[in-house]
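Have the viewer open while you read.

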Protein chains: 2
Amino acid sequence: MTLASTPQTKPLTEAELQKINAYWRAANYLSVGQIYLLDNPLLREPLKQEHVKPRLLGHWGTTPGLNFIYVHLNRVIKKYDLNTIYIAGPGHGGPGLVANTYLEGTYSEYYPHISQDAEGMKKLFKQFSFPGGIPSHVAPETPGSIHEGGELGYALVHAYGAAYDNPDLIVAAVVGDGEAETGALATSWHSNKFLNPVNDGAVLPILHLNGYKIANPTVLARLSHRELESLFIGYGYKPYFVEGSDPTEVHQKMAATLDTIIGEIQGIQREARVHGFKERPQWPMIILRTPKGWTGPKEVDGKKTEDYWRSHQVPFGDVAGKPEHLKLLEDWMRSYKPEELFDANGKLIPELAELAPTGQRRMGDNPHANGGVLLRDLIMPDFQNYAVDVPTPGKAIAEATKVTGKFLRDVMKQNLESRNFRIFGPDETASNRIDPVLEVTDRTWAAQILPEDDHLSPNGRVMEILSETNCQGWLEGYLLTGRHGFFSCYEAFIHIIDSMFNQHAKWLKTTRHIPWRRPIASLNYLLTSHVWRQDHNGFSHQDPGFIDHVINKKAEIIRVYLPPDANTLLSVTDHCLRSRHYINVIVAGKQPALQYLDMDAAIKHCTKGLGIWEWASSDLDSEPDVVMACAGDIPTLETLAAVDILRQNFPDLKVRVVNVVNLMKLQPQSEHPHGLSSKDFDTIFTTDKPIIFAFHGYPWLIHRLTYRHTNHKNLHVRGYKEEGTTTTPFDMVVMNDLDRFHLVMDVIDRVPKLGYKAAYVKQKLQDKLIEHKQYITQYGEDMPEIRDWKWPY
Amino acid sequence: MTLASTPQTKPLTEAELQKINAYWRAANYLSVGQIYLLDNPLLREPLKQEHVKPRLLGHWGTTPGLNFIYVHLNRVIKKYDLNTIYIAGPGHGGPGLVANTYLEGTYSEYYPHISQDAEGMKKLFKQFSFPGGIPSHVAPETPGSIHEGGELGYALVHAYGAAYDNPDLIVAAVVGDGEAETGALATSWHSNKFLNPVNDGAVLPILHLNGYKIANPTVLARLSHRELESLFIGYGYKPYFVEGSDPTEVHQKMAATLDTIIGEIQGIQREARVHGFKERPQWPMIILRTPKGWTGPKEVDGKKTEDYWRSHQVPFGDVAGKPEHLKLLEDWMRSYKPEELFDANGKLIPELAELAPTGQRRMGDNPHANGGVLLRDLIMPDFQNYAVDVPTPGKAIAEATKVTGKFLRDVMKQNLESRNFRIFGPDETASNRIDPVLEVTDRTWAAQILPEDDHLSPNGRVMEILSETNCQGWLEGYLLTGRHGFFSCYEAFIHIIDSMFNQHAKWLKTTRHIPWRRPIASLNYLLTSHVWRQDHNGFSHQDPGFIDHVINKKAEIIRVYLPPDANTLLSVTDHCLRSRHYINVIVAGKQPALQYLDMDAAIKHCTKGLGIWEWASSDLDSEPDVVMACAGDIPTLETLAAVDILRQNFPDLKVRVVNVVNLMKLQPQSEHPHGLSSKDFDTIFTTDKPIIFAFHGYPWLIHRLTYRHTNHKNLHVRGYKEEGTTTTPFDMVVMNDLDRFHLVMDVIDRVPKLGYKAAYVKQKLQDKLIEHKQYITQYGEDMPEIRDWKWPY
Ligand SMILES: Cc1ncc(C[n+]2csc(CCOP(=O)(O)OP(=O)(O)O)c2C)c(N)n1
Ligand SMILES: Cc1ncc(C[n+]2csc(CCOP(=O)(O)OP(=O)(O)O)c2C)c(N)n1
Ligand SMILES: [Mg+2]
Ligand SMILES: [Mg+2]
């Protein structure tokens, strides 16, 4: 562990320095132009009111810093022929990234109407944050972006996700000092404990310490130098400070520091690649302390603006109302001397243009930032080989996730060489029983390893950290750069990444309609240790609401599966791993449980998405009296047990059992591409019979999906109604009225023809429930008739 | 900034040491007993199968460490007469906290049937993680708990929230080394920049570095000593290392360190309280490195267990199947020598019992951990004094959140002396326009302050950090200890705390039914900068789904308000601040907007929760042809503008306008205590007329709430359907078909009697929409007729 000292050399010749500074001026000029101007892009005439946008939207404060970093990265990319992408944590600095990709030429290649001339520049300015134009952030529309940076906090996890298994890549990750206060960002520094210099690329974090956020100083900016340095040393980095406000000086420092750092990165990699991984290196990072709104107006209306939070957004508005603001704007823009930067046609002069790298070395054109173009299919073993033997429904026992764990193991195995598949989880891979993967790979661990450690290795491909945000962010970065992944998590705690999920879903939705963006692999969740089997951890671990959250997002992106047993889980998992550009949510239990479908039946059932289970139904040659629907493993179990009770007590009752694997099937076709036609829905669920629906999650979700269907009026849903504690598994369903006895009582209440006999049955069931409570309170486990129940037919 | 050196003194006499160790053995014994035993609690006879629980549920690994800390805190509480509460980050160590509160006597006071004798101990053991018993975690049922610790990550934010404005309190916060990997925890260390030693209490963080989590080592445990120390120095602490596995040695170290630290804390406080706040102190903390599962079985079935992750849960199960496990259990439990610890009746012997503090100094009985008993009403100014003048509906303009900001300012002012009200926000207080509060208080800031800083002070009561998790956690801790608060946040990013919200809602639900827990103040959210007015930040900032998430939780806890203008927002805010034990979500815009109701009307409207707006309706003396319902400020605006168009084009059409402030009113009474009766619902919404409902959020939420009502079949909802970008405000509603023109077209499509004329109107509206698109694409702002529209009647 060593302290870094900022190199004191001045690697730039005077000419180089001037050029770099000029290039930076050009980027700053174009950034301000985007925020303010509608016309007169090159200021060839005096600036007038009508050249200025009526609504001024955008963020200036972070932009000069982002531009500064860009031009310096360009320099080292060229000098060392680096393969580099740029992640802008403060994604609100959109104008800067657009300006730079425009200067380097990629922008006009992707968007030919934004040409590199006066006309193009005018359009470039107008389109920014303008209706019909482009977003204000480093959005999917921005070439070179895999990170919008709208919701702050994920710059570094995305960067690491991109770097894993990309040995040649250097991911420069700019972290806002405000962003650094978020929880997700604060823990993501530890990602270096999961990076192997042999097979992974490098992440170069650049803390953009411009001192301020929207209306406050930042915490990190107000630490002493020594505290700040200690913090990053503690995080495992070697922090280089690049500080100042005089561009000439800071250019030299930045160039010298980057030269040193690139040397160090290459040294670390060479060492590890030649001699093998020895110990976690102390990776270099940069702390760039420069003024917020650098080179912008020092004061506006007498108030400090440069080097202050007032420059965060648009440093001054009301250009129409205050002529002095128009003047301020013109002076500011002219301070960059556009006439020295752009030629007569409005094109960047060649002496400056040549500073940028060329082709795919340009950060705007790096294929890693458009992962779909690099994506290769996984080599997939035949999932049918992992089938559980189910000679007859409802008798065999298996652990669904464990079975799928074996399938995942072989997916892992067959793609070990391609190094394009990883599994993620917050310390729960074993707990969630997909640990068979550890037979072929280890847990990723580049920190200290002790002899007693179990399957830890810097080469491991199972990424475990007790941070759902890290898992999610790494996976996103990994997928966005064209690889595959799988995330298993406790169902309740996946809510920790609700917001990250939102952002990824929005990214997928938008990129689907950007022609040059290619589809990426789906983000696959396996939610297990679910609400019905967290009886031992209690109420805090019981929450099935993630799917409610998920289906608010665009139907074209969202898929939700509730396979009832091991073979259906296999089939669904196979399907998800092959899919593209979706978010797939699979909910399945990990406990030993009854198996219903053999592999053939499972494939058919999953392909249809929902269907009548003939073997469990008694309405084959007649109209049903009641439809017993179910979705989820536990509700399926309870439904079948209820059907058993019904058969015994009401042998004449015609029961139809419908199981739902693909939740989206329940929606009308108009709402989701998977939706059943009304015709099909009516055929399966009838138009007038009572439906008792036993659902894994909150019951109203089923209403929300089905309210447009004809028979919705007869739909009665049981599900989780937020009752729970530490108790027995069966008691959990009892507490929520989802148990077999309640389901039968629901049928009795809704099927009039059951008549007088029903009263006795109902009473018997109520007695059973009392017996159940007494039994568990005494013995602490469920009654044998419950625990050992099997489908008896 | 100084380095700590672990004191080398041995403050405990041999006798003291033996006693402390014995007390710890007693706590460990009771913990193991809870996990394993049904009977034979004192091991007065040889252990048999039938004494052991059939299902073994619980977590041993963290427990000895938690117990160790507890007894040492007891020592210093007694020695220095400290006022201390204990927050167990690894809340899965429930047996430990239960054991300790039992030993100190509080447990039996709260739960008299769990008496301090053999009979009580037997019940204590049986009830743990047992049906009808108590949860496995440090749940609301546990005396002294404000922190269940089920979902990991919030120990430290809760601790700081408890410490703010409690100058005499020391909050000991045990942080699991796994927990420390979570994002929320990683950033919460910075809470020390917001703590003022003059008026706030102290937080004593104890990093419980037992090396492991569920099935992995922890990141922090595998840093070098120097990195670890650097990290915490960087976080602003003075870390004291207490390390070892020989209890005798570690007891002395812990005692010496705690003596030193208590001295330092008191020194810091004395200095600041006598001489005023000078600079942020370097608060002490402890890094306690002891084995996971300390004193438990070293090996189980030949596998390393103590000092390893295998001791995380139940170190060995299958006591029934493996006699050697029964033996292991008995040996383990006897190793604590229960016969030396408990007297003939099974009560802790007096020599040990006297080690615990007495009365409310006992951590299980500290009133701060049952905040409701300390809660005092806020002194409230009359909100009507802040009323916006609304002489006639739909003409005046005001900024709703700014108006409420003035009310909040005076709430703040009137309670400054009581120091029991704080406002929280992720750097958005000014952006969300509740900055009038800064006229009477500052932003909390105990870090470096520069001359140019604006309203920063260590005495400030507005807490801003760019971490939604910190804001939420601080507020929770503050409320749970009996104070009041208000959290304003961008609507989209509140999803970052979805999961924390869940846990708090569960806490409230459970505590409501624990008689000795007293109600606490409600958690109040103001969600602003909402989906319809994030047009400048674009798609990533547009998400109204938090309310969907919220209403999955228990109706008795959840309240959701969508006030349409400033006076209604005032009335709602007043109501929320006075309420108890709820989570109130208020959604309201911050932009200048039309005002509809004068204060009188606003109060009536908010009290009803929803109502017909007569002044906007045209069905006063007849049946309506259509009901135009709306909830949320922007939908209300668009609805009224649509009604205007309808009036102009179809003067005979009878329109009823219904505005909804209290969303829960829409549910049936059976589902929510606020729900309208079916009768009232039918009267207002009719039983057979089309309802066009313009909603702030995702449209299906309204269906979910109303599907049981008679007229649901005629309900047509418009809302956010996940379309958005950087554009104009009106274009946002157009993109989602929620604009006035679409709403009118919806009426045309659903009211048959409009007849042939309607075709022309529809075409005119379609033309308007095209005109709109053309206009904004050219000018970048909305058409004047849209921007300047007012209610013209
Ligand atoms: C999670 C989240 N919370 C709040 C915001 C609102 N917001 C936008 S920019 C900003 C300040 C960012 O400060 P910093 O990271 O320092 O960026 P810079 O100074 O470079 O602009 C905030 C709070 C956000 N975008 N994301
Ligand atoms: C947010 C969250 N993710 C996952 C879990 C599941 N879980 C329970 S305990 C645990 C390990 C905790 O390790 P640590 O904090 O070190 O506690 P200790 O070693 O003291 O038991 C995990 C991952 C959880 N409770 N919360
Ligand atoms: Mg900043
Ligand atoms: Mg641990």
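Is Asp177(A) buried or exposed? In this predicted model, Asp177(A) is buried because its relative accessible area is 1%, and the cut-off for buried is under 20%. Asn210(A) gets the label buried too, at 4%.

Both residues turn up at a metal site. The magnesium ion (ligand 3) is held by Asp177(A) through OD, Asn210(A) through OD1 and Tyr212(A) through O, at 2.0 to 2.2 Å. Written along the sequence, the donor spacing reads D-x32-N-x1-Y. Asp177(A) and Asn210(A) tie together distant parts of the chain, 33 residues apart. Asp177(A) lies in the loop between strand 2 (169–176) and helix 7 (183–188) of chain A, while Asn210(A) sits in the loop between strand 3 (202–208) and helix 8 (225–234) of chain A.

Now for the interface. Here are the totals for chain A against chain B:

| Item | Value |
|---|---|
| Residues in contact | 119 of chain A with 120 of chain B |
| Buried area | about 9,900 Å² |
| Salt bridges | 16 |
| Residue pairs in polar contact (both at pLDDT 80 or more) | 67 |

Carbon and sulfur atoms give 55% of that buried area.

On the side of chain A that touches chain B, several helices each supply at least two residues, including helix 7, helix 8 and helix 24 (757–779). Helix 15 of chain A gives the largest share, seven residues. Sorted by class, that side of chain A has 46 nonpolar, 41 polar and 32 charged residues.

Conventions:
Residues are numbered from 1 along each chain as its sequence is written. Chains are lettered from A and ligands numbered from 1 in the order in which they are written. This is a predicted model: local features need pLDDT of at least 70, side-chain atom pairs count only at pLDDT 80 or more; totals for chains, interfaces and linings use all residues. Side-chain values use heavy atoms; hydrogens and water are left out. Donors are N, O and S atoms within 2.8 Å of the metal (3.2 Å for Na, K and Ca); water is not among the atoms, so sites may look incomplete. Helices (H or I, at least four residues) and strands (E, at least two) are DSSP runs, numbered from the N terminus. Buried means under 20% relative accessible area, exposed over 50%, partly exposed in between (1.4 Å probe, protein chains only). Contact means heavy atoms within 4.5 Å. Buried area is the accessible area (1.4 Å probe) that two parts lose on being put together, summed over both. A salt bridge is a side-chain nitrogen of Lys or Arg within 4 Å of a carboxyl oxygen of Asp or Glu. A polar contact is a pair of N or O atoms within 3.5 Å; within protein, one must be able to donate a hydrogen and the other to accept it, and residues adjacent in sequence count only if both atoms are side-chain atoms. Ala, Val, Leu, Ile, Met, Phe, Trp, Tyr, Cys and Pro count as nonpolar, Asp, Glu, Lys and Arg as charged, and the others, Gly among them, as polar.
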